[in-house]
Structures are given as structure tokens and as C-alpha cells.
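Q: Please take a close look at one part of this model. Keep the answer connected, and give the cut-offs as the terms come up.

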Amino acid sequence: MEKKTCLYDRHVALGALMSPFGGFIMPIQYSNITDEHNAVRQHCGVFDVSHMGEVRITGPDAEKYVQHIFTNDVSGAPIGQIYYGMMLYPNGGTVDDLLVYKMGENDFFLVINAANIDKDVAWMEEHTQGFDIKLDHQSDQYGQLAVQGPEAEVVVEEVLGIPVADLKFYTTKTVGDIIVSRTGYTGEDGFEIYGSHEYIQTSWDKLIESGRCKPCGLGCRDTLRFEVGLPLYGDELSADISPVMAGLSMFCKLDKEAFIGKDALVDQKANGVARKLVGIELADKAIPRHGYAVLNTDGDVVGEVTTGYHCLSVDKSVCMALVKTEFAKLDTPLSVQIRKKVFEGKVVKKKFYDKHYKK
């Protein structure tokens with residue numbers, strides 16, 4: 001049975017199209033995906049992301065433990081810094097991608113994907129042996145909003161009264177009982193706010209009533225993250241897709257002490273991988289969907305689409321695809337089989353639209 005976030009009734013009242021996602025019933029769209037997408041690119045939108053999971057790691061060995069399970073390097077991190085990275089299986093496959101917030105000395109706040117909450121928490125608990133830590137699964141305690149777009153800073157300050165102008169990209173602070181960070185999943189400037197269910201409900205109401213922040217569903221969350229090349233677990237990362245295959249090696253610090261999966265990544269970097277994630281731009285208008293076959297010029301299947309759309313911000317039909325490494329070079333001609341028709345294209349960079357973060 002799917003769960004509901006603390007904002008479920010508000011989504012229904014706004015007439016949102018609701019659908020299962022990651023074990024929750026979530027809003028896919030309110031007006032339409034294009035309008036919501038453009039609101040975030042041009043002005044400001046708010047997403048209910050209360051389905052995301054939160055785990056707090058504290059104790060004398062908290063940093064040591066996070067270093068052990070996480071690919072990025074948090075050693076000596078300043079308080080308030082945020083890191084993106086992955087948890088890996090020993091073979092290099094991805095357990096999940098996540099954000100790690102350094103909240104204090106030996107105090108870390110981990111934000112994990114909704115669909116993976118139970119699996120991730122079990123994985124973390126399985127690897128606590130030998131570490132003097134407390135692992136506190138806090139997903140049920142928090143609601144979460146993502147306020148995104150070029151006007152996000154002024155909206156958060158003026159409508160919600162949260163001072164955020166001092167936050168740099170990928171930093172966080174605590175304001176009263178809430179956690180706010182300059183992060184997001186859209187390629188635009190924005191903030192993610194974690195608080196009690198009551199606080200998140202009140203904040204949502206203020207944002208919607210202000211008229212300055214459009215309610216946005218998971219439909220445009222996907223189009224926004226996709227066109228700036230951000231991965232989605234289950235599409236561009238999985239138990240079968242390592243960060244090296246996905247082009248995310250920069251978030252895997254192989255020069256730090258051992259972490260789970262490190263040896264596999266070292267081997268992949270040294271000896272190469274059989275498949276790589278690429279961008280493909282099609283010559284004609286068409287929508288390549290997840291799982292569609294990617295063909296070489298001989299008509300052989302050499303990969304499959306992970307995510308595809310007609311890219312709203314640049315008016316091109318594009319996709320990300322996992323293909324055999326020999327076909328991963330830029331400008332390699334590749335086609336996508338869409339139902340009974342083959343659409344020609346070529347390999348391009350995975351980032352189809354430039355990010356506009358405030359550094």
C-alpha cells in the first residue's frame with residue numbers, strides 16, 4: 001500500500017494528477033508539465049519532496065563510518081558543507097545516490113531516494129559493525145519542500161522569512177527547527193527545506209497563496225533534471241550501473257581510504273567498462289522512452305535508452321542511453337528504435353541544457 005506525504009490532501013485539493021512513485025502517491029502534474037517546467041526555468045516553482053528519506057549518523061565514529069559507506073570524501077569537511085555521492089555494492093554497482101550534509105562534528109544528515117529507503121537503511125545498518133555511531137532513521141519525522149528557480153532566493157526570504165542569501169551552493173544551515181540547503185534537482189538555483197509536517201504544510205500554503213511560486217509535480221521534476229544531465233536512480237544508476245559507467249567518477253574519491261566498492265571502481269578505471277552512459281540527439285522529433293533499443297549503423301542493438309524526452313528548454317528530441325563503450329564517443333552515429341520506426345541520431349554530451357546554479 002502506497003504511503004501519503006503530509007501534503008497529500010493539498011495536492012488533491014489543487015486538482016493534481018496523482019500516481020504511485022517510490023512507494024508514495026505523489027503529484028505528477030497540476031496544470032501541465034510544460035507550464036510547470038517553464039515556471040522553474042524562468043521564475044519559481046515548489047515541489048513536495050517529502051517522500052525522500054533522511055538518516056542521521058552521530059557518534060565518535062560518524063565521519064569514519066560515512067567515509068566507509070560513501071564514495072565522496074567528507075574527511076575534515078567544514079560544518080554546513082554538502083556532498084553528493086553514492087553507496088556501492090562491493091562489485092561497484094550502486095546501492096543509491098545520496099546527499100550527505102555535515103551538520104556538526106561527528107553529525108551527518110543523509111538524504112536518500114524514496115524508492116530505496118528500506119533497502120538503504122538496511123544496508124547502512126548492516127555495515128555499522130565496528131563503528132561507534134548512532135544511526136537514526138528519521139524519514140517519518142520530516143516533510144520536505146524544494147523551492148526552485150531564478151526567483152527562489154527572494155521568494156524563500158520574503159514569503160517564508162528564511163534568511164538564505166548567505167548560503168552558497170551545496171551548503172546548509174539550521175534555522176530554528178528547520179534545515180535549509182542551497183540544493184535541488186532542476187539545474188536552477190533553489191533551496192530544499194526540511195521541517196516538521198506542520199511546518200511544511202504551513203510553508204506550502206504560504207508559497208501557493210503568495211502566487212509567486214507555482215506548484216510543480218514529479219513530471220517536470222524529471223524533465224528538468226534530465227535536460228541538465230542529472231541521474232535518476234533506477235534509470236542512470238542501479239545495482240547494475242556503477243558511477244564509472246554513468247560518468248560520475250568525479251564523485252568517487254579513489255585516493256581516500258577504503259570504502260565499500262572502491263576496489264571495483266579502481267579496477268573499472270584501470271581496465272575500462274563494457275558500457276557507458278551517453279547523450280543521444282535525434283535528427284527528427286520523437287520521444288525515446290526508457291528501455292527502447294539503441295542501434296548502430298548496421299542495425300545491431302548496442303544499448304538502451306535510460307531516459308528520453310523532447311527537451312522543452314532547447315526544442316530537441318534527446319535521450320540518455322547506456323551503450324557499449326566502443327559507441328560512446330561524441331558524434332558517433334546511433335539510432336533509436338521507437339515502436340516500428342528507427343530514428344537516426346548521434347552521440348552528444350549528456351547535459352542538454354546549461355545549469356544555472358548560484359555558486
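A: Start with strand 5 (residues 53-58), which is joined to strand 9 by 4 bridges, with the two running antiparallel. Two strands count as paired if DSSP finds at least two bridges between them. Strands (E, at least two residues) and helices (H or I, at least four) are DSSP runs, numbered from the N terminus. Thr-58 has Lys-134 of strand 9 as its bridge partner.

This is a predicted model: local features need pLDDT of at least 70, side-chain atom pairs count only at pLDDT 80 or more, and totals for chains, interfaces and linings use all residues. Residues are numbered from 1 along each chain as its sequence is written, and side-chain values use heavy atoms, leaving out hydrogens and water.

Axes here are lines fitted to C-alpha atoms, for helices over the stretch in contact, and angles run from 0 to 180 degrees between N-to-C directions.

What packs on this sheet? Contact means heavy atoms within 4.5 Å.

Next comes Lys-119, in helix 4 (residues 117-126). Its relative accessible area is 31%, so Lys-119 is partly exposed. The classes are buried under 20%, exposed over 50% and partly exposed in between, with a 1.4 Å probe and protein chains only. Not counting residues up to four places away in sequence, Lys-119 touches Tyr-89, Val-95 and Tyr-233. Thr-325 is 206 residues from Lys-119 in sequence, and the two are 30 Å apart in space, C-alpha to C-alpha.

Two helices then meet. The axes of helix 5 (residues 152-160) and helix 6 (residues 197-210) come within 10 Å and cross at roughly 110°. Helix 5 and helix 6 are therefore roughly perpendicular. That class spans 65 to 115 degrees; under 35 is roughly parallel, over 145 roughly antiparallel, and the rest oblique. Val-155, Val-159 and Leu-160 of helix 5 face Ser-203, Lys-206, Leu-207 and Ser-210 of helix 6 in this contact. The contact residues split into 4 nonpolar, 2 polar and 1 charged.

Strand 16 (residues 293-295) pairs with strand 17 (residues 301-311) over 3 bridges, in the antiparallel sense. Val-294 stands opposite Gly-303 of strand 17.

Asp-222 belongs to helix 7 (residues 218-227). With 17% relative accessibility, Asp-222 counts as buried. Its contacts, leaving aside residues up to four places away in sequence, are Leu-232, Thr-307 and Tyr-309.

Last, the cysteines. The structure holds 0 disulfides, a disulfide being a pair of cysteine sulfur atoms within 2.5 Å. For Cys-44, the nearest cysteine sulfur is that of Cys-213, 3.4 Å away. Cys-44 is buried at 3% relative accessibility. For Cys-220, the nearest cysteine sulfur is that of Cys-216, 4.2 Å away. Cys-220 is buried too, at 0%.

Terms used: Nonpolar A, V, L, I, M, F, W, Y, C, P; charged D, E, K, R; others polar.
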